[in-house]
Amino acid sequence: MNPLNISKTYLVTGGAGFIGFHLSKSILEQGARVIGFDNMNDYYDVQLKKARLNILKEYENYTFIKGDLSNKEDVFRIFREYAPQVVVNLGAQAGVRYSIDNPDAYMQSNVMGFFHVLEGCRHFPVEHLVYASSSSVYGGNEKIPFSTSDQVDEPVSLYGATKKSNELMAYAYSKLYHIPVTGLRFFTVYGPYGRPDMAYYKFAQKILAGEPIQIYNNGDMYRDFTYVDDIVQGMENILCNPPEQNAKGVSYKLYNIGNHKPVKLMDFVAVLERNLGKTAVKEFLPMQPGDVYQTYADVSDLMRDYDFKPNTTIEEGISKFVQWYREYYNV
């Protein structure tokens, strides 16, 4: 397995996002060139995105371009001007519940946007495309742990459906245009500079403010919480190691990337309470549309192929998040 090649140029879409920020920062620290691309939308606090960007812009080898994946010319201009060898597509409209009320945003960003990235890789050939899928593709699957060999044809959210469509589109482009592609199904990534729309972030905010936190399905839910540093390490092992051609001549692989240790939601809340030094006021509610009971990643193939070793415990990860949160918001 080849290490990260610092002589290459890496294009990271969603570059001002949570995972995009952490991945870019790690690549930059090793001396490689990163081109960040993001539309800086206001789905959540733009100031947080700007704070991430301000850190990345301190590196000489970082270039940020504001643009929209749904604009084909914006995307092609990046490929033309910077000729990236490795493309990491993390740009997407995230969120399960938001997709119920705002489907247009998902079709524009996740479907048309990803199509434009694939077209960029087709017309300006790259060595490897790595793209973000999601555990949401598993929908209401009851067999655990979730495996990439499972059938995923019954999504419970449009978000999950768009991510499944990305997988099909990526495979077709890999086969037709000989693009080496790796897809990653992310499982509940958390950590400093995270997404404010995610439960752990909102919980911290409300607990400190003395406001009630909403706990769905009366707390009977499990999530495969994965600390962002483990995700970044796993991704870096993949970037310069595109998949070999399979028996059908297609250089395409799909992996789960998660902690493979589901945590009960109420246990997660208890760890958060301990680290914040404050007990939450809890409002228990039924399961919400689009939600699933449990996520649990089978990552045995990622461990085998790329030496993936997630080793950050919930206690360690939440402690780091809370420390960052208190410093960032001065609370």
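Residues are numbered from 1 along each chain as its sequence is written. Because the model is predicted, local features need pLDDT of at least 70 and side-chain atom pairs count only at pLDDT 80 or more, while totals for chains, interfaces and linings use all residues; side-chain values use heavy atoms, without hydrogens and water.

**Exercise 1.** Find the strand order of the open sheet and its edge strands.

*Solution.* Start with the strands, which are DSSP runs (E, at least two residues) numbered from the N terminus. Two of them pair if DSSP finds at least two bridges between them. The seven strands follow the order 3-2-1-4-5-6-11, with parallel pairing. At the edges, strand 3 (62-66) and strand 11 (252-257) each pair on one side only. Now zoom in: strand 5 (residues 128-134) and strand 6 (residues 181-186) share six bridges, and leucine 129 has valine 181 as its bridge partner.

**Exercise 2.** Work out which strands helix 8 lies across.

*Solution.* Helices are DSSP runs too (H or I, at least four residues). Helix 8 (residues 228-239) lies across strands 1, 4, 5, 6 and 11, where contact means heavy atoms within 4.5 Å. Next, take its direction: about 170° to strand 6, on a scale from 0 to 180 degrees between N-to-C directions of axes fitted to C-alpha atoms, for helices over the stretch in contact.

**Exercise 3.** Trace the contacts of tyrosine 10.

*Solution.* Leave out residues up to four places away in sequence; the partners then include Ile27, Val34, Val86 and Leu239.
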